[in-house]
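The sequence and structure come first.

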Amino acid sequence: MTESSVRGTKPQKVQPGGRDAKVPGWMGPTGLIMLSVIPVVAGALRLGELAGGAAVTPANARFFATPLPVVLHIIGASLYGIVGAFQFAKRFRRRRPGWHRMAGRILVVCGLVAALSGLWMTVFYPRPDGDGDLLAVFRLVFGTAMAASLVLGFTAIRRRDFRRHRAWMIRAYAIGMAAGTQAFTQLPWMLLVGPLGEIPRALLVAAGWIINLAVAEWIIRRP
């Protein structure tokens with residue numbers, strides 16, 4: 001006999017829709033939204049600078065000279081980060097498959113806008129101080145990888161290949177979210193060592209992409 005039967009009470013069961021089930025399902029999306037706050041806020045400040053006619057400096061002159069690419073990049077990346085986080089809410093996604101499909105189409109467009117505008121800026125914008133050749137190469141590699149992952153994920157779902165669709169979309173999102181991670185990879189160096197040189201900056205920025213992709217591969221391969 002169990003303790004519950006001796007006491008005459010029924011054993012407690014966790015309901016599928018109860019609190020214990022809801023909290024773990026939203027921890028991931030909440031964390032992703034918090035991570036995306038850093039680039040979203042930075043992007044909003046940049047848009048406000050452009051719209052408000054701030055003073056032109058060597059750090060922002062390229063944006064004032066050709067504002068469209070950076071505006072598209074900020075809007076695309078911000079929507080991609082925030083809306084994409086909800087795709088990781090498993091129960092929400094399963095209960096609203098129509099929303100998942102609609103949001104997925106929006107995310108493909110926003111992700112491609114963010115990736116392609118980022119590639120354009122890497123190639124055509126004058127480089128600011130601290131951005132060297134190595135960082136440009138990393139940006140071209142990971143920007144191309146993000147765009148390719150989105151295209152592969154979209155073609156996979158068109159074939160009803162859900163496993164590959166999920167894998168490629170997770171990889172694309174991991175690359176797109178690296179701006180938030182890169183703030184944490186660079187901050188310790190700046191606090192402990194000082195200003196970043198070209199090589200340390202390039203390596204620490206690349207570390208943000210690598211960390212995100214490592215987490216993405218773990219999510220893809222876990223049971």
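## Salt bridges and surface

Glu 217 and Arg 221 are joined side chain to side chain by a salt bridge (2.0 Å, N to O), a term for a Lys or Arg side-chain nitrogen within 4 Å of a carboxyl oxygen of Asp or Glu. The model is predicted: local features need pLDDT of at least 70, side-chain atom pairs count only at pLDDT 80 or more, and totals for chains, interfaces and linings use all residues. Residues are numbered from 1 along each chain as its sequence is written, and side-chain values use heavy atoms, without hydrogens and water.

Both Glu 217 and Arg 221 belong to helix α10, four residues apart, about one turn of the helix; helices are DSSP runs (H or I, at least four residues) numbered from the N terminus. Glu 217 is partly exposed at 22% relative accessible area, and Arg 221 is exposed at 59%. Here buried means under 20%, exposed over 50% and partly exposed in between (1.4 Å probe, protein chains only).

The whole structure has seven salt bridges, including these:

| Pair | N to O distance |
|---|---|
| Glu 217 and Arg 221 | 2.0 Å |
| Asp 133 and Arg 127 | 2.3 Å |
| Arg 201 and Asp 131 | 2.8 Å |

Arg 201 lies in helix α10 (residues 198-221) and Asp 131 in the loop between α6 (97-124) and α7 (133-158), so their bridge ties together parts 70 residues apart in sequence. Asp 131 is buried at 11% relative accessibility, while Asp 133 is exposed at 54% and Arg 127 is partly exposed at 45%.

In helix α9 (residues 178-192) sits Leu 191, exposed with a relative accessible area of 67%.

Methods
Helix = DSSP H or I, 4+ residues; strand = E, 2+ residues; numbered from the N terminus.
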